[in-house]
Amino acid sequence: MTDRGVLTATGARIKEAAVEEFKARLRGQLLRPGDDAYDEARKLWNGMFDRRPALIARCAGTADVMSAVNFARDNGLRAAVRGGGHSFPGHSVCDGGLVIDLSPMKGIRVDPAARRARAQPGVKWIEFDHETQALGLATTGGTASDTGIAGLTLGGGLGWLSGKYGLTVDNLVSADVVIADGRFLTASATENQDLFWGLRGGCGNLGVVTSFEYQLHAVGPMILGGMVVYPLGKAKEVLRFYREFSKTAPDELTTYAAFLNPPDGDTVAALICCYCGSLDKGEEVIRPLRSFGPPLQDMLGPMPYAAQQSLTDAALPAGSCYYAKGSSLADLTDQAIEVFVEYAATKPSPLSAVLVQTVGGAASRVDSEATAFAHRRFPYAPVIVSQWLDAADSEENVGWARDFWRALQPFAGGVYVNDLSYDDEDRVRIAYGANYERLAGLKKKYDPDNFFRLNPNIKPAG
Ligand SMILES: Cc1cc2nc3c(=O)[nH]c(=O)nc-3n(C[C@H](O)[C@H](O)[C@H](O)COP(=O)(O)OP(=O)(O)OC[C@H]3O[C@@H](n4cnc5c(N)ncnc54)[C@H](O)[C@@H]3O)c2cc1C
């Protein structure tokens, strides 16, 4: 009888006995093609990717992660690391190889007295916010509640609280990490400081994070948020207004501009905001957003912070085909605004959207070299999110996003690493900016063989 085993990328076969021994070492499950849970476990949020890993280790804790890293490394298996599964370019599942699936690791512990939370890497923002908001606390997290805390934190983390409390990485206090040689390290301002620096923007290049410790802040439960929408015909004025308004907004207010379609409606220009200070003061601060011309719809008002965090969820369902393309802009010039409006008006799919994120307030006052997140001096981080349902329409929808992005490039200077797409390999260096060389040195120290390479990859320094 032939040995079932597992094939590596070089065609070598790992013996079945070795796979069985690995399985026996895990507290979580080891899934293989044909197992009931396999197809569900290999799905990503982005329906563009239909990959078939040889093995999926559903890790129950740090010990499983160590076993998985050691098994893959010792047997020459490529390894993908999966947190919340929201990687735009699909880095967290591979064809063949091993997926180190952290999604079962859902532990969260909040310490209200110290205003700290520890969370495991399978946690999503909706789960994190649920626990912290019960105590009136929060930290900067992503604006789609289904996104994982892990990948978002390791890339930087833009969110509704960035203006007041900085990026997610600015609120990271420590992290537990399994590095490529299987060792367990803790990184913080006092331990393995170089690793701590690199984790805050260096993505998954330096190891697998098995626990994140965050600084929390008093937030909500009610904030002032929501959106106000204007007809596309007023979009240029809306963006010009947004440019001036965002320059003088207080830290408590974070505002994004967007082009999107309401269900069954025409494309609109929207201003979406979150004011996390006192509600009375906030009403005054956001008044210009709603009094600028008659809006089509004014949905601004007091709401739970958790509702604000879910505002865009319905528009970004799992399983659609997605292609995202990001840029960083030093300014929203009139010429750049022309490009936004032209392409927003010609999107082939009504499901596609453009979000002009901001990196302002507290996030912009941190030194660009203080953490590995490089692009703090670019106040605008637009991301074009093309979405469609039928794979036959991929070329047209990917093409629209590429053309749009290309037209924006004369005004762009960088890109947020978490907004890179699968065809952006030549932009990875740009995403890490001036911090690339230092990150390459850390890669050499912590992962000299580039074991963790399914990510916006940093090559170990020569
Ligand atoms: C709908 C949507 C909304 C978004 N909104 C925001 C937003 O508001 N703000 C923002 O900053 N970004 C946003 N993003 C981008 C988001 O930050 C990235 O897609 C992020 O990588 C997702 O993390 P994840 O854990 O869900 O993804 P995964 O696909 O699980 O992982 C993404 C990458 O991180 C690596 N990784 C995951 N977990 C670990 C770990 N524990 N240790 C080491 N490496 C790991 C993976 O290997 C992969 O390379 C959004 C993305 C989507 C799809």
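Here is a friendly set of questions and answers about this predicted model.

Me: Hello! How many aromatic pairs does the count come to?
Reply: Good place to start. A pair of aromatic rings is described by the distance of the centres and the angle of the planes. Ring centres have to lie within 6.5 Å to pair, and by this rule the count is 18.

Me: Are the rings of F212 and Y214 stacked or edge-to-face?
Reply: Their centres are 6.0 Å apart, with 10 degrees between the planes. Planes under 30 degrees apart count as stacked. So the word for F212 and Y214 is stacked.

Me: Is Y214 buried or exposed?
Reply: Look at the relative accessibility, where under 20% means buried. F212, its ring partner, has a relative accessible area of 1% and is buried. Y214 comes out at 0%, so Y214 is buried.

Me: What is the angle between the planes of Y432 and Y436?
Reply: These two tyrosines form an aromatic pair with centres 6.2 Å apart. Y432 is buried at 1% relative accessible area, and Y436 is buried at 6%. Their pair is called tilted, and the angle between the planes is 45 degrees.

Me: Which residues do ring pairs link into a cluster with F212 and Y214?
Reply: F212 and Y214 are a pair themselves. Ring pairs also bring in two further names, making a cluster with W125 and F128.

Me: Which ring does the charged end of R438 sit over?
Reply: Charges can sit over rings in this model, and K325 lies over the face of W405, 4.7 Å from the ring centre. For R438, the charged end is 3.8 Å from the centre of a ring, and that ring belongs to W197.

Me: What span is expected for helix 3?
Reply: Helix 3 covers residues 62-74, which makes 13 residues. Its buried residues include V65, A68 and F71. From first C-alpha to last, helix 3 reaches 18 Å, close to the expected span, at 1.5 Å a residue, of 18 Å.

Me: Which residue with positive phi follows helix 3?
Reply: Helix 3 runs over residues 62-74. The residue in question has a phi near 65 degrees, and its name is G76.

Me: Is L167 buried or exposed?
Reply: L167 is in the loop between helix 6 (162-165) and strand 10 (172-178). Leaving out residues up to four places away in sequence, L167 touches several others, among them T140, L158, F373 and R376. Its relative accessibility is 0%, so L167 is buried.

Me: How far apart in space are L167 and G155?
Reply: In sequence, L167 and G155 are twelve residues apart. In space, C-alpha to C-alpha, the distance is 10.0 Å.

Me: About how many helical turns separate E21 and R25?
Reply: The side chains of E21 and R25 meet in a salt bridge, 3.1 Å from N to O. An α-helix has 3.6 residues a turn, so residues three or four places apart point the same way. Because E21 and R25 are four residues apart in helix 1 (residues 16-25), their separation is about one turn.

Me: Is E437 buried or exposed?
Reply: E437 forms a salt bridge with R429, with the closest N and O atoms 3.3 Å apart. R429 is partly exposed at 48%. E437 has 54% relative accessibility, and over 50% counts as exposed, so E437 is exposed.

Me: How many salt bridges does a search of the whole structure find?
Reply: One of them joins R290 and D298, at 2.8 Å from N to O. R290 is partly exposed at 24%, and D298 is partly exposed at 36%. Searching the whole structure, the number of salt bridges found is 30.

How values were computed: Residues numbered from 1 in each chain as written. Predicted model: local features only at pLDDT ≥ 70, side-chain atom pairs only at ≥ 80, totals over all residues. Heavy atoms only, no water. Phe/Tyr/Trp six-rings, centres within 6.5 Å; stacked < 30°, edge-to-face > 60°. Buried < 20%, exposed > 50% of the residue type's maximum accessible area, 1.4 Å probe, protein only. Lys NZ or Arg CZ within 6 Å of the ring centre and 35° of its normal. Helix = DSSP H or I, 4+ residues; strand = E, 2+ residues; numbered from the N terminus. Expected span 1.5 Å × (residues − 1). Contact = heavy atoms within 4.5 Å. Salt bridge = Lys/Arg side-chain N within 4 Å of Asp/Glu carboxyl O.
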